[in-house]
Amino acid sequence: MEIHQNFSLKNYNTFGIEAKASQFVEVHSLSDLKILLEEHSQDKKFILGGGSNMLLTQDIDALVIHIDLKGIQILKQDDDYVWVQSSAGENWHEFVLWTINQDFGGLENMSLIPGNVGTTPIQNIGAYGTEIKDTFDSCVAMAIDNQEIRTFHKEECHFDYRESVFKKELKEQYIILSVVFKLSKRNHKINISYGDIAAELSKQNTSNPSLKEVSNAIIAIRNSKLPNPKVLGNSGSFFKNPILKKTDFEKIHQQFPEMKYYEISDTEVKVPAGWLIEKAGFKGKRYGDAGIHENQALVLVNYGNASGQDILNVSKTVQQTVFELFGIRIEAEVNII
Ligand SMILES: Cc1cc2nc3c(=O)[nH]c(=O)nc-3n(C[C@H](O)[C@H](O)[C@H](O)COP(=O)(O)OP(=O)(O)OC[C@H]3O[C@@H](n4cnc5c(N)ncnc54)[C@H](O)[C@@H]3O)c2cc1C
């Protein structure tokens, strides 16, 4: 394992922000990871996956450990389901395509989400009406301080909207090594009720779609709506959609009857943050090299040489203005480092 000093992270974060790691190492095996953690027990550590859910606002004065563990295996199966384990360093989208090619169902609606498999439980990634928690069985993780290996079953992960135990009580305590998904082998539950999927499929004259056709439709929609980080630096949705108590929402809604919302329970309502930001007039606005995407107000972008601080300043302006206009606080979904 080669430890690099003063290492540029520009190619390791999808915002394309220039920031340095005081030390950087890539880990390809479990035994190497254990040795590394033992030998560097006194050093501060930072775990890096695909870098697609972080905004680097400063250099990282720590040993940055890039998890590059690879491997996919079928653990067990019955007539209806298969339990597939993927190592943390596998690219998520490639893993999703692998499951689709085996005709295993459950992940197709999350096609083309950037990042690695090991990071998916951390914020319970989701898209187009599906979240990781719907197919997650368990994950194996290593404790950073004593290298103990522990299996977390679904109920222990406390999954919620873009939340899990790994972002809260156990934040920065474990390195996720692999994840097991329980996927369907037949009678797939195709879910095309969300967003534009049905419309995209009918454009392609597809009724009764296969997993592959659903995935292709989602890839087409995402490519048409979201900027490709290889072309324009970004981290996907910068903010979470705020969840309000119904009683609070009703007061705001009287003032802004055109406000979009989704009832998520008898007592709670989710408001699309993108709608709030667009209404506040930010869509397409640019401040130097930092800005808000022209088609997607929820996505902050780096037009070239923005610093993490530039993007952070824009995000604060957006939050402040949305609060002043609507009385609604929007929180960052992206990890601010
Ligand atoms: C264009 C674009 C579109 C996106 N669309 C979506 C979407 O539709 N839905 C969605 O949910 N997200 C979306 N995202 C966000 C992002 O892709 C996901 O959050 C993804 O799971 C992040 O994975 P990563 O490996 O890149 O994580 P990183 O950015 O590398 O890390 C994120 C956090 O997890 C920690 N971490 C990383 N690996 C490990 C590990 N093995 N063990 C423990 N901690 C670890 C890091 O320290 C950091 O705090 C999008 C991002 C982009 C750029």
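Does Pro-114, at 43% relative accessibility, count as buried, partly exposed or exposed, and why? The points below come back to this question after a look at the chain as a whole.

1. The model discussed here is a predicted one, and in this model the chain is built from seven helices together with 20 strands. The radius of gyration is 21 Å, close to the 20 Å that the globule rule gives for 337 residues, so the chain is as compact as a globular protein of that length. Along the principal axes, the C-alpha atoms fill a box of roughly 60 × 50 × 40 Å.

2. Of the 337 residues in the chain, 50% are buried, and the accessible surface comes to about 16,400 Å², with 45% of this area belonging to carbon and sulfur atoms. Among the contacts with a separation of 6 or more, 60% are made by residues 24 or more positions apart. As for charge, the chain carries 35 positive and 44 negative side chains, and the centres of these two sets lie 5 Å apart.

3. In soluble globular proteins, nonpolar side chains tend to be buried together. In this chain the largest nonpolar core has 45 residues, and those that touch the most other members are Leu-9, Met-259, Leu-276, Ile-277, Ile-311 and Val-318. Several elements each supply at least two residues of this core, including β2 (20-27), β5 (60-67), α5 (246-255) and α6 (273-279), while α7 gives the most, with six residues. A second, separate core has 37 residues, among them Val-82, Trp-92, Phe-136 and Phe-181.

4. Met-259 deserves a separate look: leaving aside its neighbours within four places in sequence, Met-259 is in contact with Phe-249, Ile-252, His-253, Val-271, Trp-275, Leu-276, Phe-326 and Ile-328.

5. Ser-52 lies in the loop between β3 (45-48) and β4 (54-55), and because its relative accessibility is 16%, below the 20% cut-off, Ser-52 counts as buried. Beyond its neighbours within four places in sequence, Ser-52 is in contact with Thr-14, Pro-114, Gly-115 and Ser-235.

6. Pro-114, the residue of the opening question, is found in the loop between α2 (92-101) and β8 (126-127). Its relative accessibility of 43% falls between the cut-offs of 20% and 50%, and therefore Pro-114 counts as partly exposed. With neighbours within four places in sequence left aside, Pro-114 is in contact with Ser-52 and Arg-222. The C-alpha atoms of Pro-114 and Glu-94 are separated by 9.7 Å, although these two residues are 20 residues apart along the chain.

How values were computed:
Residues numbered from 1 in each chain as written. Predicted model: local features only at pLDDT ≥ 70, side-chain atom pairs only at ≥ 80, totals over all residues. Heavy atoms only, no water. Helix = DSSP H or I, 4+ residues; strand = E, 2+ residues; numbered from the N terminus. Rg over C-alpha atoms; globule rule 2.2 N^0.38 Å. Buried < 20%, exposed > 50% of the residue type's maximum accessible area, 1.4 Å probe, protein only. Contact = heavy atoms within 4.5 Å. Areas by Shrake-Rupley, 256 points an atom, 1.4 Å probe, with all protein chains shown as cover. Lys, Arg positive; Asp, Glu negative; His and termini not counted. Charge placed at Lys NZ, Arg CZ, Asp CG, Glu CD. Core = buried A, V, L, I, M, F, W, Y, C linked by side-chain atoms within 4.5 Å.
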